[in-house]
Amino acid sequence: MNNPASTGPKTVDIVNKTLEKRYAAERRFKLYGLTAVTIGIICVAILFISIVFKGYTAFWQTYLRLDIHFSEEIIAPDGERDAETLAEAEYQELIQESIFKLFPKVTDDEDRSKLLEIPSSSSSFILQRMVLNDPKLIGQKRTLWIPTSSDIDMLVKGYITRDLPEADRKVKNQTIAWVDQLVQQNRIEQHFNWNFFTKGDSREPELAGIGGAITGSFYTLLVTLILSFPIGVLAAIYLEEFAPVNIWTDIIEVNINNLAAVPSVVFGLLGLGMFINFFGMPRSAPVVGGLVLALVTLPTIIIASRAALKSIPPSIREAALGVGASKMQAILHHVIPLALPGMLTGAIIGMARALGETAPLLMIGMVAFIVDIPQGIFDPSAVLPVQIFLWADSPERGFVEKTSAAIIVLLAFLILMNLAAVILRKRFERRW
Amino acid sequence: MNASAGELTAEPEDFLATKKTVELSSYKVNGTVGDVTVTNPRMRAEQVNVWYGQKHAIKNVNLDIGHNEVLSMIGPSGCGKSTFLRCLNRMNDTIASCKVNGSIKLDGQDIYHRDMDPVALRVRVGMVFQKPNPFPKSIFENVAYGPRIHGLATDKASLAELVESSLKKAGLWDEVKDYLHQPGTGLSGGQQQRLCIARAIAVSPEIILMDEPCSALDPIATAKIEELIDELRENYSIAIVTHSMQQAARVSQRTAYFHLGDLVEVGDTSQIFTSPKHQLTEDYITGRFG
Ligand SMILES: Nc1ncnc2c1ncn2[C@@H]1O[C@H](COP(=O)(O)OP(=O)(O)O)[C@@H](O)[C@H]1O
Ligand SMILES: [Mg+2]
């Protein structure tokens with residue numbers, strides 16, 4: 001307390017002197033913080049913008065309008081309609097016929113083979129499937145939109161520079177002229193690329209999709225979630241609520257924290273050695289991927305769940321015990337319901353991590369080139385991040401935009417999952 | 001049983017002479033002054049000792065709780081009031097380091113005997129805590145929880161009836177009857193504490209333990225709770241820890257004064273506050289420490 005009789009400087013004067021300095025320090029600190037946040041946001045923005053700009057075109061695909069005559073002479077000259085004949089018919093000839101008709105002046109064989117490079121090499125399969133589905137088509141005429149080959153797609157999207165010397169260019173002058181002619185005839189259009197979401201991988205960029213990888217990731221995460229959530233939550237509940245405090249639980253605690261920091265490749269090696277080599281599980285299958293990722297996410301879920309349980313104030317337990325609930329009832333009726341949002345948040349963050357995890361899956365052979373969409377957890381399949389890894393490695397120009405597009409999809413899923421976690425946390429946030 | 005009169009073993013004359021604020025720990029207590037027993041006790045604690053690890057928190061305490069009486073426990077903070085109270089319904093079982101010995105009997109039955117289930121015990125000996133701790137559920141669910149887990153109500157109607165009568169006994173019914181399905185945590189502090197009392201009453205305990213139930217409340221809410229305690233005495237025995245001597249004087253019939261783990265003095269409330277027999281009690285109630 002200040003003695004009014006004392007002659008020394010007044011406290012308030014001393015305080016005032018330092019006040020300006022204190023405010024300056026606060027302003028500086030705020031500035032540093034703001035700078036850090038801004039730099040962070042700029043970096044993230046640059047990353048996002050560059051990926052989106054590289055990738056968004058992959059959501060559209062260039063299509064070529066062809067008038068196809070499903071002529072009986074070509075498909076089934078003997079008038080047969082059995083599946084085998086229809087399956088093995090020369091559909092490529094139907095395409096040839098309709099393309100050559102568009103360019104009657106091109107007669108040279110070599111030029112004609114160049115013409116045939118404009119539609120995707122999958123075109124004949126499209127026709128084959130149509131006929132197999134509906135044999136009545138034979139003899140009829142149809143106007144169809146057929147995907148172009150990736151090179152033409154790139155040309156139309158402007159990724160191929162026309163000023164380059166012809167020798168350095170993938171698409172030659174002649175083809176460019178043809179395409180321009182087709183564009184003038186309104187025979188070339190960009191359509192939304194549903195195939196990108198529904199098809200599996202392919203050697204041809206215009207046919208490759210992430211459908212297989214998304215399905216694979218879904219099955220893998222399903223296995224991961226089914227294993228790691230119940231095990232993680234039960235382990236957390238036991239350790240937090242029931243385990244005696246002794247050296248063993250201390251050792252377990254230290255080990256769980258260590259496991260959370262172990263590089264995920266190590267879990268991949270474990271998966272390879274144990275699940276594939278020892279138990280003989282199939283390579284490249286979601287079940288093994290899920291098992292490995294369950295190991296990766298388990299520590300995260302246990303730690304998050306324990307934190308959630310710890311955050312429930314003891315007064316709630318005491319309240320339950322006070323009216324005669326058993327320990328189990330207090331935990332089951334009060335503690336767990338209150339901790340559940342926290343546990344779910346942990347699980348979602350764990351799943352988001354598992355979704356982006358690549359290294360351990362490479363170890364268990366999930367890098368294989370797989371065209372088919374997996375039908376279950378035992379089918380060989382790709383997963384999204386590994387698909388990105390594979391495409392990023394491909395030399396074709398068409399895979400560059402696919403890679404970025406796949407990254408966009410992966411990021412979208414990650415953002416959705418993290419958003420769900422944030423909403424969950426906000427929604428159930430409690431003040432005691 | 002009668003405890004022998006306690007004596008101050010450390011420089012009592014000096015203390016009496018100076019009448020200054022005193023060091024708490026400079027006194028030793030031998031036994032308890034006053035009559036710790038009542039005829040026909042509800043609960044009887046004999047030679048109770050409690051340790052938290054190495055710390056001796058309760059030392060040789062003997063104390064009875066009678067029928068239809070309010071027993072208040074006072075004393076400086078950290079002297080073991082809560083610890084002793086929590087022994088009475090074995091709430092201390094949840095603390096791993098806590099060891100209790102001696103005997104505590106409820107209607108002649110040892111509550112620490114292995115035949116006594118702590119869950120069954122806590123139905124008979126309810127508790128109200130220092131900080132109001134309603135479950136983050138509706139008001140109805142808060143009160144209904146106990147009866148529900150014990151199967152006290154056979155159907156929905158009788159459960160609703162039980163909730164209503166408990167809330168009425170806790171003097172909260174009129175204030176909340178239209179908001180039964182609103183969260184209990186939305187009530188004011190005093191209402192929350194009365195909700196906790198209703199929750200305790202709902203399982204029809206025989207004894208209610210209250211650990212500083214008003215320390216987080218304003219004077220008006222406190223007055224309501226005190227009124228309530230007085231009404232509840234008709235049907236229950238109540239042991240209340242309080243740091244407010246006025247409150248002890250207002251609500252209780254008997255008062256026990258604790259000091260550093262010792263039970264220093266027990267007596268009728270009027271006697272404790274008007275003519276304390278022990279020096280420490282006198283120093284405490286006259287505000288020389290606390
Ligand atoms: N859970 C515990 N673990 C260890 N020591 C405790 C614990 N609870 C209380 N104590 C100690 O026991 C003594 C009595 O505490 P308490 O009964 O809470 O006192 P009061 O309620 O009278 O203020 C204090 O010294 C306190 O530090
Ligand atoms: Mg206390």
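Modeller: Let's start at Gly365(A), which sits in the loop between helix H16 (359-363) and helix H17 (384-392) of chain A. Keep in mind throughout that this is a predicted model. Is Gly365(A) buried or exposed? Its relative accessible area is 18%, and the limit for calling a residue buried is under 20%, so Gly365(A) counts as buried. For a sense of distance, take Ser71(A), which is 294 residues away from Gly365(A) along the chain. The C-alpha atoms of the two are separated by 46 Å.

Another loop of chain A also has a buried residue to look at. Ser122(A) is in the loop between helix H5 (109-115) and helix H6 (123-133). With a relative accessible area of 8%, Ser122(A) falls under the 20% limit and is therefore buried. Its side chain has a partner too: a polar contact of 2.9 Å links it to the side chain of Ser120(A).

Now for some backbone angles to check. Asn186(A) isn't a glycine, yet its phi is positive, near 60°. You'll find Asn186(A) in the loop that runs between helix H8 (173-184) and strand E3 (188-192) of chain A. At 53% relative accessible area, Asn186(A) is over the 50% limit, so we call it exposed. Over in chain B, Gln47(B) has a positive phi as well, about 50°, again without being a glycine. Gln47(B) belongs to a strand, E1 (residues 43-52) of chain B. Its relative accessible area is 37%, which makes Gln47(B) partly exposed.

Staying with chain B, here's the ligand site. Which residues surround ligand 1? The shell is made of Tyr52(B), Lys55(B), Ala57(B), Ser77(B), Gly78(B), Cys79(B), Gly80(B), Lys81(B), Ser82(B), Thr83(B) and Ile95(B). By class, that's 4 nonpolar, 5 polar and 2 charged residues. As for close atom pairs, a backbone N or O atom of Gly78(B) comes to 2.7 Å from an oxygen atom of ligand 1. A polar backbone atom of Cys79(B) is 3.3 Å from an oxygen atom of the ligand. On the side-chain end, an N or O atom of Tyr52(B) is 3.5 Å from a nitrogen atom of ligand 1. On its own, ligand 1 has 560 Å² of accessible area, and the protein covers 64% of that. Two or more residues of the shell come from each of strand E2 (55-65) and helix H2 (81-87) of chain B. H2(B) supplies the largest share, 3 residues.

Back on chain A, there's a nonpolar patch on the surface. Val44(A), Leu47(A), Phe48(A), Ile49(A), Val52(A), Phe53(A), Tyr56(A), Trp60(A), Phe192(A), Trp194(A) and Ile415(A) form it, and together they have about 1100 Å² of accessible area. Which helix gives the most to this patch? That's helix H1 (residues 11-55) of chain A, with 6 residues. Ile415(A) comes in from helix H18 (residues 398-428).

Note on methods: Residues numbered from 1 in each chain as written. Chains lettered and ligands numbered in written order. Predicted model: local features only at pLDDT ≥ 70, side-chain atom pairs only at ≥ 80, totals over all residues. Heavy atoms only, no water. Patch = residues over 30% accessible without salt bridge, like charges linked within 9 Å, V, L, I, M, F, W, Y side chains within 5 Å. Areas by Shrake-Rupley, 256 points an atom, 1.4 Å probe, with all protein chains shown as cover. Salt bridge = Lys/Arg side-chain N within 4 Å of Asp/Glu carboxyl O. Helix = DSSP H or I, 4+ residues; strand = E, 2+ residues; numbered from the N terminus. Near = heavy atom within 4 Å. Polar contact = N/O pair within 3.5 Å; in protein donor to acceptor, adjacent residues only side chain to side chain. Nonpolar A, V, L, I, M, F, W, Y, C, P; charged D, E, K, R; others polar. Buried < 20%, exposed > 50% of the residue type's maximum accessible area, 1.4 Å probe, protein only.
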